[in-house]
Amino acid sequence: SKIKAGLIWFNGRLVPQEEAKVSVLTHALHYGTSIFEGLRAYETPKGPAVFRLQEHTERFFHSARVMRFEMPFGPEAINQAILEVVRANGYRSCYIRPLAWMGAHTLGVNPLPNNPAEVMVAAWEWGTYLGDEAVRKGARLITSSWARFPANVMPGKAKVGGNYVNSALARMEAHQAGADEALLLDKEGFIAEGSGENIFFFRGGVLYAIEHSVNLMGITRDTVITLARDLGYEVREVRATRDQLYMADEAFMVGTAAEVTPISYLDHRPIGTGEAGPHTLRLRAAYMEVVQGKNPRYEGWLTYV
Ligand SMILES: Cc1[nH+]cc(COP(=O)(O)O)c(CN[C@@H](CCC(=O)O)C(=O)O)c1O
């Protein structure tokens, strides 16, 4: 695989990437029955630190509960595994991917009464998620023909592997249309989220976050709301429609991988001036300072490796 993940924590042991293999009879490979997380470790003046480790691990176990996994390790062991993978590979900054899955104990769609999960944690160096260009000039989005699944179709608040078929289809469609990312609406046509990010927009000096509804409860979304309020912005959590984005002064999307990425076009319409917005860039700068350990006020969000 072209991903250089080096040493992987695989069911409790650090093994070289080539040895971290599963059977083709793995339930999750056939039915999407896996759960995962995405974290980042950043270089800081005091060495590499993982950002909001507790919150990610907590969500990982919430996802496991939704899927009724019998997890072989507890939260603290996963926290240690995450730190160990960064340390063992000597990464200064990296993207970290915990994954748990239904193994090869059955191919019956219903794994119960027993559902022992397997767990791994891998990490690799991953630059800007949508490319430096998209950060500098703003990403160009199109509204996907795929809607985000309703809450009684898929558990959108859990990071379940199968949920990302929806994201993959939307993302492929966006790229083939020459866009950087897809905007997904919910079944009523209101804004849900990006294929891997939460959406924000500025209008008249007020910052709007899309309320939770069917979206993933993003940790970066929570971070940005906190930072924005600390910078004096009024922040409202709303249900919004795509034409509210067309009328916005600025828009951006956030996620662990995407960090804070300005949105300059939606459906071939410029948002505001059609460039990365000034308030957006100010929030991006504030976010990057926090994750790189340069803002002592948020030291509590960092776990040094
Ligand atoms: C659907 C979705 N919505 C919102 C977010 C933002 O959540 P948070 O990372 O807690 O702020 C993510 C994270 N997407 C992860 C996976 C990206 C991928 O391509 O895989 C990520 O950003 O790590 C999503 O997958």
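Let's start with Phe 51, which counts as buried because its relative accessibility is 5%; buried means under 20% relative accessible area, exposed over 50% and partly exposed in between, with a 1.4 Å probe and protein chains only. A quick word on ground rules: this is a predicted model, where local features need pLDDT of at least 70 and side-chain atom pairs count only at pLDDT 80 or more, while totals for chains, interfaces and linings use all residues. Residues are numbered from 1 along each chain as its sequence is written, and side-chain values use heavy atoms, leaving out hydrogens and water.

Now, the rings. The structure holds 15 aromatic pairs, where rings of Phe, Tyr and Trp (its six-membered ring) pair if their centres lie within 6.5 Å, and planes under 30 degrees apart count as stacked, over 60 as edge-to-face and the rest as tilted. Phe 51 and Trp 301 make an edge-to-face pair, because their ring planes stand at 85°, with the centres 5.8 Å apart. Which parts does that pair tie together? Phe 51 sits in strand β5 (residues 49-51) and Trp 301 in the loop between α8 (278-291) and β17 (302-304), so the parts joined are 250 residues apart in sequence. Helices (H or I, at least four residues) and strands (E, at least two) are DSSP runs, numbered from the N terminus.

Trp 301 is buried at 15% relative accessibility, and Tyr 298 is buried at 8%. Together with Tyr 287, these residues Phe 51, Tyr 298 and Trp 301 form one aromatic cluster.

Arg 140 lies over the face of Tyr 265, 4.1 Å from the ring centre, and Arg 239 over the face of Phe 190, at 3.8 Å. The rule is that NZ of Lys or CZ of Arg is within 6 Å of the ring centre and within 35 degrees of the ring normal.

Last stop, nonpolar or charged: what lines the largest pocket? Its lining divides into 14 nonpolar residues, four polar and three charged. Here Ala, Val, Leu, Ile, Met, Phe, Trp, Tyr, Cys and Pro count as nonpolar, Asp, Glu, Lys and Arg as charged, and the others, Gly among them, as polar.
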